[in-house]
Amino acid sequence: MQTPRNDTSHPRPRLDIARLAPAPYRAFLAVDAALREGPLAPSIRELVKIRASQHNGCVLCVDMHVREARHLGESDERLHQVVVWRESLLFTDAERAALAYTEAATRLGPEGVPDAVWDAVRAAFDEASLAALVAQVALINALNRIAVPLRTPPGAVTHAR
């Protein structure tokens, strides 16, 4: 078992991007707000944020979106099993398709998103929800790519709701 890291050398983010690049940061928040008003189910929205953030190693976003999912009524049991969703019996076909798409779009291997993954997600969602899913996964990956390099700790950003 690995010992928890108590590294206090980075108690704050390396850079305050919200203060130093306010217009782009506000644009990210505006996209997030638009997605929250869109057709994608809130539970799926949070599950894909959690899964992409797990892949990207974003402690800020995993923490934030687990909290948001709980606020929306998600069970601890399902939240514990997001990391092993393929083996879990707790996720619907639509959630599985969304999580598979999230992993493929987050990793973007040589073939991008494989046809089988795309076909499954396309079958599980109407076009508007699918478009929202694509945008949501792109946004969380962008936000992960801000928070991870800046070493933004949990609690440093409170824009989740």
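Predicted model: local features only at pLDDT ≥ 70, side-chain atom pairs only at ≥ 80, totals over all residues.
Start with helix H6, residues 93–107. Its 15 residues reach 21 Å from the first C-alpha to the last. That is close to the 21 Å expected at 1.5 Å a residue. Eleven of the 15 residues are buried, so H6 is largely enclosed by the rest of the structure. The buried set includes Glu95, Leu99, Tyr101, Glu103 and Thr106. Several alanines belong to it too, among them Ala97, Ala98 and Ala100. What covers these buried residues includes helix H3 (42–56) and helix H5 (76–81). Helix H7 (115–124) and helix H8 (127–147) are also part of the cover. Just after H6, Leu108 takes a positive phi of about 45 degrees.

Glu103 is buried, because its relative accessible area is 1% and the cut-off is under 20%. Side chains of opposite charge can pair when their charged atoms come close. Glu103 forms a salt bridge with Arg51, with the closest N and O atoms 2.7 Å apart. This pair links distant parts of the chain: Arg51 lies in helix H3, 52 residues from Glu103 in helix H6. Arg51 is buried as well, with a relative accessible area of 9%.

Glu103 also forms a salt bridge with Arg86, where the closest N and O atoms are 2.6 Å apart. Here too the pair links distant parts of the chain, with Arg86 in the loop between H5 and H6, 17 residues from Glu103. Arg86 is partly exposed, with a relative accessible area of 48%.

Glu74 is buried, at a relative accessible area of 13%. The side chains of Glu74 and Arg78 meet in a salt bridge of 2.3 Å, N to O. Both residues of this pair are buried. Leaving aside residues up to four places away in sequence, Glu74 touches Ser43, Leu47, Ala69 and Leu79.

Charged pairs occur elsewhere too. The structure holds 13 salt bridges. Asp32, Arg36, Arg45, Glu46, Lys49 and Glu68 are linked in a network of them.

Finish at H8, one of the helices that cover H6. H8 has 21 residues, which should span 30 Å at 1.5 Å a residue. Its end C-alpha atoms are 30 Å apart, which agrees. At the start of H8, a side-chain oxygen of Asp126 reaches to within 3.1 Å of the backbone nitrogen of Ala128.

How values were computed
Residues numbered from 1 in each chain as written. Heavy atoms only, no water. Helix = DSSP H or I, 4+ residues; strand = E, 2+ residues; numbered from the N terminus. Expected span 1.5 Å × (residues − 1). Buried < 20%, exposed > 50% of the residue type's maximum accessible area, 1.4 Å probe, protein only. Contact = heavy atoms within 4.5 Å. Polar contact = N/O pair within 3.5 Å; in protein donor to acceptor, adjacent residues only side chain to side chain. Salt bridge = Lys/Arg side-chain N within 4 Å of Asp/Glu carboxyl O.
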